[in-house]
Amino acid sequence: MARFDTQSQLQNGTALDDSDSRQPAEIQQPSNAPIEMYAGEAALEGKNRPLVVDLDGTLVASDLLIETAFSELGRRPHSLVEILAALKRGKAALKHRLSEPVDFDPSTLPYDPEVLALIRQAKAEGRQVYLASASHEKLVGRIASHLGDFDGWFATNETTNLAGYRKAQQLVEVFGEKGFDYIGNDAADLPVWQKAAKAFAIRAPESVRKKLVGRDGEIEHLPHTRPTWRTWAKMLRVHQYAKNALIFVPLLTSHLLTAGAMAHALIAFVAFSLCASSVYILNDLVDLQDDRRHRTKCNRPLARGAIPLMQGVIAIPLLFLSAIALAATVSLSFLGVLLGYFALTTAYSFALKRMTIVDVITLAGLYSVRVFGGAVATNIVISEWLLAFCMMIFMSLALIKRYVELAGRRDANLPDPTSRGYKNSDLDIVAALAAGAGFNAVTIFTLYISSSAVNQLYTHPRILWLVGPLLMYWIARILMLAGRRLVDEDPVVFAIKDKVSLVIVGLTALFIVAAI
């Protein structure tokens, strides 16, 4: 497979800057063009012209620069300083700095089926096919070798960012103007399309499609699946918003259901939901490679390329700032809680989730912060009994979540996870810890209904003893179902969908109301 030099010079001896939008000066043809049979042949027959394929957003529904940047930050958060220093030297230097991600696997990338079909059709017609990308040569070379459909490739190196006019210049030097067909996807490809005999576009924004109309030559837009509101809802994980109902727990346990408190709790619920969505997207960007290897997480919109990564990146600050604005309308104290939640969950995404046991303690803490946030938003003094119960029951659920993940890997004969501190052999220990934490929660609950504190809120506290067996049954049942591989990755989501769990919640609510 041939690799082509990307450091062509302009007639005046200077290279175009990454941000230079001017038309380049007339390009000198190299004395020994890599493919002399194409150079200068502007009117080749369609079946003889080589097909040149862009990578990011075209061949793969992803962006390798964003992928490698978040992969590096997820593995080494302190490398942000090095990344910014490389960026100051230009995009080529940045891409070179990020060119060796430890988790990069070409086989898991979301390749576009329409583009693959066009490539293989060209190969069947006897045409040569080349990959031309602004991504770094190390990554492009690995992808080209993995697919095995390319006769050669062009890519960015340490000093030259092969994008826009630079890419157009390189391809004209090799194939001649109008001597190749080109598949691209965005504004950076416009200079290349102008030099191509036929332009193929996929996922092109409307503004780019309008500019393409004015080019001289044939244009074909390839079909592709557009994200729907359901795709966005899945990326935002709207179904996970049910967890934020924990904000209403202090209202319910204190029996203070006033209109003002309910309004503040509702705003707090929305703020936590938006903030959580911003971190879910951030976590998905960090875990792209791991998610693609996972049996169910591979279907997440960012992992499978259903939503462009840049749109996900842009959504993070928009969601977070919206959450801050809402939280500020409740109180500054609640805003502080929300910022603490964001800081803790961000630390979890970048570091804490890789620390054995620390990760599940953090998850339990994040659930408990929701309860505490609800208390702050409604000016309710939360009881230590409630906080202790929450910490134990959520610790159990977090451990069950890890148990399900490890069980899935062991059943599929996958190696130990690289993004977690656990080994597949820890499965039985994790199950034991989950059971212990769950039944500790029951113990805390029974101690509470045996204390004098319960008399301040309940007229008939003895009825609460009926809740204990329900809790024990539910914890034992979900552990057994997890052992039988019948629980989803998140036990909270499973409980929301599980009819038996909903019946137990209903009976628990009934007994609590009867005890008041």
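**Salt bridges and burial**

Tutor: Arg 300 and Asp 291 are both buried, where buried means under 20% relative accessible area, exposed over 50% and partly exposed in between (1.4 Å probe, protein chains only). This is a predicted model, where local features need pLDDT of at least 70, side-chain atom pairs count only at pLDDT 80 or more, and totals for chains, interfaces and linings use all residues. Residues are numbered from 1 along each chain as its sequence is written, and side-chain values use heavy atoms, leaving out hydrogens and water.

Student: What makes Arg 300 and Asp 291 a salt bridge?
Tutor: A salt bridge needs a side-chain nitrogen of Lys or Arg within 4 Å of a carboxyl oxygen of Asp or Glu. The closest N and O atoms of Arg 300 and Asp 291 are 3.3 Å apart, so the pair qualifies.

Student: How do you know that Asp 287 and Lys 353 form a salt bridge?
Tutor: Their closest N and O atoms are 2.6 Å apart. Asp 287 sits in the loop between H11 and helix H12 (288-293) and Lys 353 in the loop between H14 and H15, so the pair ties together parts 66 residues apart in sequence.

Student: Why is Lys 353 called buried?
Tutor: Because its relative accessibility is 0%. Asp 287, at 5%, also counts as buried.

Student: Why is Glu 218 called partly exposed?
Tutor: Its relative accessibility is 47%, so Glu 218 falls in the in-between class.

Note on methods: Helix = DSSP H or I, 4+ residues; strand = E, 2+ residues; numbered from the N terminus.
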